[in-house]
Amino acid sequence: MVLDRIRGPLTVREVPDPAPPDGGVVVRVLATGLCRSDWHAWAGHDEITLPHVPGHELAGVVAAVGAGVSRWSAGDRVTVPFVEGCGRCAWCRSGNAQVCPDQQQPGFTHWGSFAEYVALHAADMNLVAIPDAVPAEAAASLGCRFATAYRALTGRARLAAGEWLTVIGAGGVGLSTVMIGKALGARVIAVDRSPRALAAATALGADHVLAAEETADIPARVHELTAGGSHVAVDAVGSEQTCADSILSLRRRGRHVQVGLLPAVTGRPRLPMDRVLGWELDLLGSHGMAAADYPGMLALIERGELRPQALIERVVGLEEAAVLLPAFATASPAGMTIIDPRRG
């Protein structure tokens, strides 16, 4: 799926197969997720070189191995974080490849996974083996939305059992946050404008759901439900309004995690910093999850405590995805859309 101009139509056409970079691999894509971040690239909010192939969360099989790769062979089932750390810097060596200053990102810094094949960098550092029990469609979500939600709650917010968690936005990453929050023992409030998304959140165990367009004051309602505000709130959308609602939903000394992108296309967002200061709130960013942190999450998936496959709403081919991507910002998904590039 190729983008020739920003905000232009996407076309599905034949291109040359990629070659594995030194230290990297080529993966035959079995499944790849359609994510709001891909829409940001299409809309010009990220620096990309045209023509461009989007796609950054994927699962597949290693098809070719580049020079210097020692841990992986053709035929291995793998996924990869959407941030490919360089494997050499201090951040990567400390297990924090998600903030590597020399990172690569499929679908952003180089051609991505909306294709039959994708090249990936620093394979020994970044690839993650997919357990046999995890289907490719579910594994595709682990490179971005599901892993981002997992680390946002465990590595950043340090969510504890019994705490209140408010999730603003019940799309793919928001529903992942609801599922993981419940698995961690939290009491969860989900907020969205879509009745279908809220129904999905309820099915995943959300204790309360709030319809954004029918609730005049989201933070006030959260404070009422929680007797003082949430301990943790996650903005899984990425707008000035949703970020402010997340912050204002917190109780004193609460923790806000920003997961949804806030591109500065109309100026920097105005945030209620008076509340942040007066109530000593923590504002945390979460940018995916390094491969080194995957084992804990995969263990929960293998035990059935987390079920990313339950978040998949539909599976489509590249042709249909090329139509869906430009409309993603105004769509109301009730889960994840996964692309199977082998579908005719």
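How are H5 and H6 oriented to each other? They are oblique, because their axes meet at about 50° and oblique covers what is left once angles under 35 degrees count as roughly parallel, over 145 as roughly antiparallel and 65 to 115 as roughly perpendicular. This is a predicted model, in which local features need pLDDT of at least 70, side-chain atom pairs count only at pLDDT 80 or more, and totals for chains, interfaces and linings use all residues. Residues are numbered from 1 along each chain as its sequence is written, and side-chain values use heavy atoms, with hydrogens and water left out.

Start with the helix pair. H5 spans residues 145-156 and H6 spans residues 172-183. Their axes lie 8 Å apart. Helices (H or I, at least four residues) and strands (E, at least two) are DSSP runs, numbered from the N terminus. Axes are lines fitted to C-alpha atoms, for helices over the stretch in contact, with angles from 0 to 180 degrees between N-to-C directions. The crossing of H5 past H6 is right-handed, meaning the near helix is turned clockwise from the far one by less than a right angle.

H5 brings Arg145, Phe146, Ala149, Tyr150 and Leu153 to H6. Among the H6 residues they meet are Val173, Met179 and Ile180. Contact means heavy atoms within 4.5 Å. By class, this contact holds 7 nonpolar, 4 polar and 1 charged residues. Ala, Val, Leu, Ile, Met, Phe, Trp, Tyr, Cys and Pro count as nonpolar; Asp, Glu, Lys and Arg as charged; the others, Gly among them, as polar.

H5 also meets H11 (residues 294-302). Here the axes come within 11 Å and cross at roughly 105°. H5 is therefore roughly perpendicular to H11. Phe146, Ala147 and Tyr150 of H5 meet Tyr294, Gly296, Met297, Leu300 and Ile301 of H11. This contact divides into 7 nonpolar, 1 polar and no charged residues.

Now go to the loop between strand S8 (164-168) and H6, where Gly171 is found. Its C-alpha atom is separated by 5.9 Å from that of Pro333, 162 residues apart along the chain. Beyond neighbours within four places in sequence, Gly171 is in contact with Asp192 and Pro333.

Last, strand S6 (residues 117-120) gives the most to the lining of the second largest pocket, with 3 residues. The lining residues divide into 16 nonpolar, 3 polar and 4 charged.
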